[in-house]
Amino acid sequence: MQTFAFNRASSAEQAVHLGSASQTSQQGATVRFIAGGTTLTDLMKLGVEQPQHLIDINHLPLAQVISTDAGLKVGALVRNSDLAQHPLVKSEYAALSEALLSGASAQLRNMATTGGNLLQRTRCTYFRDNHSACNKREPGSGCAAIGGMNRTLAIFGTSEHCIATNPSDMNVALTALEAQVHIRGNSGERVVPIGDFFLLPGDTPNLENVLQPGDLVTDIALPAPMAGARSGYLKLRDRASYEFALASAAVVLQVEGGRVRHARVALGGVGTRPWRSLEAEQALIGAPASAATWQVAAEAAVKGAKAQSENGFKIELAKRCVAQALANVAALS
């Protein structure tokens, strides 16, 4: 691990000012904010992340969960374990609680933060290996995963330059719940819908989100749940714990009179970003709340999937995951 400068920010304004010293994009930046450090320190040890300056933001007042008329405001420094067990999250935003509890280990959840989880970087083997070609880590070097070991990688949102998956469970739930990301930067504060926050790899897989140098995620806002709506998260993986998703689904359903009136569907473990399926939602809204409808929606959810040499099984796995997640949530309605 290379040497680096270290500062502790006493305010969000100071953090933004110090962070703005980086003149590059947030990915590959010379300045990094650090809170729990559960991913960043690993990547620094591997030499994948090589910041010249770390800014500790743990002392900023961003560790609260606040209920408002508009919904729930979650500070970027709220620990994953605290958020998962928060009474309002468990009762009104079950998909988020379930997603968080399905990720990592209890020890990591006690350290990991909401903001850090949002920005969690891929677990692609080639990204984490400095001796392999990876356009995300080193633009222009190639993508060894294409034609290589890609069993766990993406079938949605890929390009000829990158097929790495977004690894976060939380991000999938936030997508289905239509969260908004609050950001403070040099030009002031702005709010970005979660659907616009993550970037597709395209020709620039090293750019993963809309953050600019110095930008600090301060909060994530969840809209008030729709009356009668229920949500849930289902994760399929190689083992029962401490494993990343091969396929997962976060769903929100409102069922009235035996028919689906409102639906949101997001997939994880299969996309280069959390993958919202508008096709599945369109198949659901207005349809009977039945096993046949769940299957139709599941088929719609995998429309456009592009398998690689080793991960074609994910198409069927994702279908089954969506159908079962819908059935699970419908049973709660």
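Contact, as the word is used in these legends, means heavy atoms within 4.5 Å. The structure shown is a predicted model, in which local features need pLDDT of at least 70, side-chain atom pairs count only at pLDDT 80 or more, and totals for chains, interfaces and linings use all residues. Residues are numbered from 1 along each chain as its sequence is written, and side-chain values use heavy atoms, with hydrogens and water left out.

View 1. Strands (E, at least two residues) and helices (H or I, at least four residues) are DSSP runs, numbered from the N terminus. Arg237 is placed in the loop between strand 9 and strand 10, and, once its neighbours within four places in sequence are left aside, Arg237 is in contact with Ser102, Tyr242, Glu243, Phe244, Ala245 and Leu246. The side chain of Arg237 also reaches the backbone oxygen of Ala240 at 2.9 Å; this is a polar contact, that is, a pair of N or O atoms within 3.5 Å, where within protein one must be able to donate a hydrogen and the other to accept it, and where residues adjacent in sequence count only if both atoms are side-chain atoms. Because its relative accessibility is 23%, Arg237 counts as partly exposed. Tyr242 belongs to the loop between strand 9 (229-236) and strand 10 (247-256), and with a relative accessible area of 48% Tyr242 is partly exposed. The phi of Tyr242 is near 50°, a positive value in a residue other than glycine. From C-alpha to C-alpha, Arg237 and His262 are 28 Å apart in space, while in sequence they are 25 residues apart.

**View 2. Helix 8 and the residues at its two ends.** Helix 8 (residues 169-176) is largely enclosed by the rest of the structure, because eight of its eight residues are buried. These buried residues are Asp169, Met170, Asn171, Val172, Ala173, Leu174, Thr175 and Ala176. At the start of helix 8, the backbone nitrogen of Met170 has a side-chain oxygen of Ser168 within 3.2 Å. Helix 8 is followed by Glu178, and the phi of Glu178 is positive, near 55°.

**View 3. Glu281 in helix 10.** Glu281 is part of helix 10 (residues 278-284), and it counts as buried because its relative accessibility is 4%. The side chains of Glu281 and Arg276 are joined by a polar contact of 2.9 Å. Apart from neighbours within four places in sequence, the residues in contact with Glu281 are Ala263, Arg264, Val265 and Arg276.

View 4. With a relative accessible area of 34%, Ala104 is partly exposed.

View 5. Val31 lies in strand 2 (residues 31-34) and, at 7% relative accessibility, counts as buried. Asp69, by contrast, is exposed, with a relative accessible area of 82%, and its place is the loop between strand 4 (65-68) and strand 5 (71-75). Asp69 and Ala249 are 180 residues apart along the chain, and their C-alpha atoms are separated by 28 Å.

**View 6. The whole protein, as a setting for the close-ups.** The protein has 12 helices and 12 strands, and along its principal axes the C-alpha trace spans about 60 × 50 × 35 Å. Its radius of gyration is 19 Å, which agrees with the value near 20 Å that a compact globule of 333 residues would have; the radius is taken over C-alpha atoms, and the globule rule is 2.2 Å times the number of residues to the power 0.38. Of the 333 residues, 53% count as buried. Among contacts between residues at least 6 apart in sequence, 63% join residues at least 24 apart.

Methods
Buried < 20%, exposed > 50% of the residue type's maximum accessible area, 1.4 Å probe, protein only.
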